[in-house]
Amino acid sequence: MQTKTSGLKTKLLKVAAPIALACAFAAAPAVAMAKDAPTTVPMASSHQITAEQQHVAGEIGKIQQQLAAIRVETLKANPQLITEMKAYETAFNNKVKALGYQPEKLIKRAQEIQVEATKKDISNDKRTELVKEFTTIRTTLEKQQRTILNDPAISKQDKQVQDDVINAMKKQDPKTTDLLKQLDQLVMQFKK
C-alpha cells in the first residue's frame, strides 16, 4: 500500500529530487559546467566531480530500492501501520486543501522538467532555464511542506508515523539501521 506523505518516503523523496536533478543536468556539455568554475580549475576536474556525484547517486538509488523493499515487506507484515499511515495522509491532505495548495501540478511539472533535461539536443540556455524552474518548484514544495508541518497535530502525527515505520522496518530486517546510516553518509558525500 502506498502513501504519499509517510515520513520515510518523504525523506527518501527529499534525497531523490536533488540527486535526480543533478544526474539529469550532469549531461550538460563541459563548457556549461565549467562556466561558473574558477579559471584555475581544469575542466577535467569538473568531469571527475560529476562522475563521482553520479556514482554516489547510483549508490543512493540502490539503498533506496533496498529500503523500499523492506518497507513493502514491513507494511505487509504490519497492517496497523497502513491504517496509521492512511490516517496521517488524510490529515495531511486535508491541511493541503485547507491551505489551497496544489502539489500535484508542481510535482508533474518537475517530472516533465527532468525528462526535458535529459534530451541531448537541449541548449545550455534552455537547460539553465529548466534548472531555475526546477529549483523554484522544489523550494515552493518545501515551503508548503514546512507550513503544513508547522501545525502541531500534523507534525506530531508525522513524527509518530515515521518512528513507527522505521522501528517496524528495523524489526522486519536488521539491515535497515545500516542502510539508513549509509544513506545519510552518501547524501552528505553527494552534497560536498
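Author: Let us start with the largest nonpolar core, which has 26 residues; Ile60, Ile63, Leu67, Phe92, Val165 and Leu183 touch the most other members. This is a predicted model, where local features need pLDDT of at least 70 and side-chain atom pairs count only at pLDDT 80 or more, while totals for chains, interfaces and linings use all residues. Residues are numbered from 1 along each chain as its sequence is written, and side-chain values use heavy atoms, without hydrogens and water.

Reader: What makes a set of residues a nonpolar core?

Author: The members are buried Ala, Val, Leu, Ile, Met, Phe, Trp, Tyr and Cys residues, joined through side-chain atoms within 4.5 Å. Buried means under 20% relative accessible area, exposed means over 50%, and partly exposed lies in between (1.4 Å probe, protein chains only). In soluble globular proteins, nonpolar side chains tend to be buried together.

Reader: Which residues of H8 are buried, and what puts them on the same side?

Author: Thr176, Leu179, Leu180, Leu183, Leu186, Val187 and Phe190 are the buried ones. They cover an arc of only 130° around the axis, so they sit on the same side of H8; the arc is taken from the directions from the helix axis to the C-beta atoms. On the other side, Lys181, Gln185 and Met188 are exposed.

Reader: Why is the contact of Glu59 and Lys62 called a salt bridge?

Author: The rule asks for a side-chain nitrogen of Lys or Arg within 4 Å of a carboxyl oxygen of Asp or Glu. Here the N to O distance is 3.4 Å, so the pair meets the rule. Both residues lie in H3, three residues apart, about one turn of the helix. Glu59, at 26%, is partly exposed, and Lys62, at 46%, is partly exposed too. The structure holds nine salt bridges.

Reader: What makes Arg109 part of a network?

Author: Salt bridges link Arg109, Glu112, Glu116 and Glu133. Arg109 meets Glu116 at 2.9 Å and Glu133 at 2.7 Å. That pair with Glu133 links distant parts of the chain: Glu133 is in H6 (residues 124-149) and Arg109 in H5 (residues 103-117), 24 residues apart.

Reader: Why is the pair of Tyr88 and Phe92 called tilted?

Author: Rings of Phe, Tyr and Trp (its six-membered ring) pair if their centres lie within 6.5 Å; planes under 30 degrees apart are stacked, over 60 edge-to-face, and the rest tilted. These centres are 5.9 Å apart with 55° between the planes, so the pair is tilted. Tyr88, at 2%, is buried, and so is Phe92, at 9%.

Reader: How do you know that Lys192 is exposed?

Author: Its relative accessibility is 78%, so Lys192 counts as exposed. Lys192 lies in the segment after H8.

Methods: Helix = DSSP H or I, 4+ residues; strand = E, 2+ residues; numbered from the N terminus.
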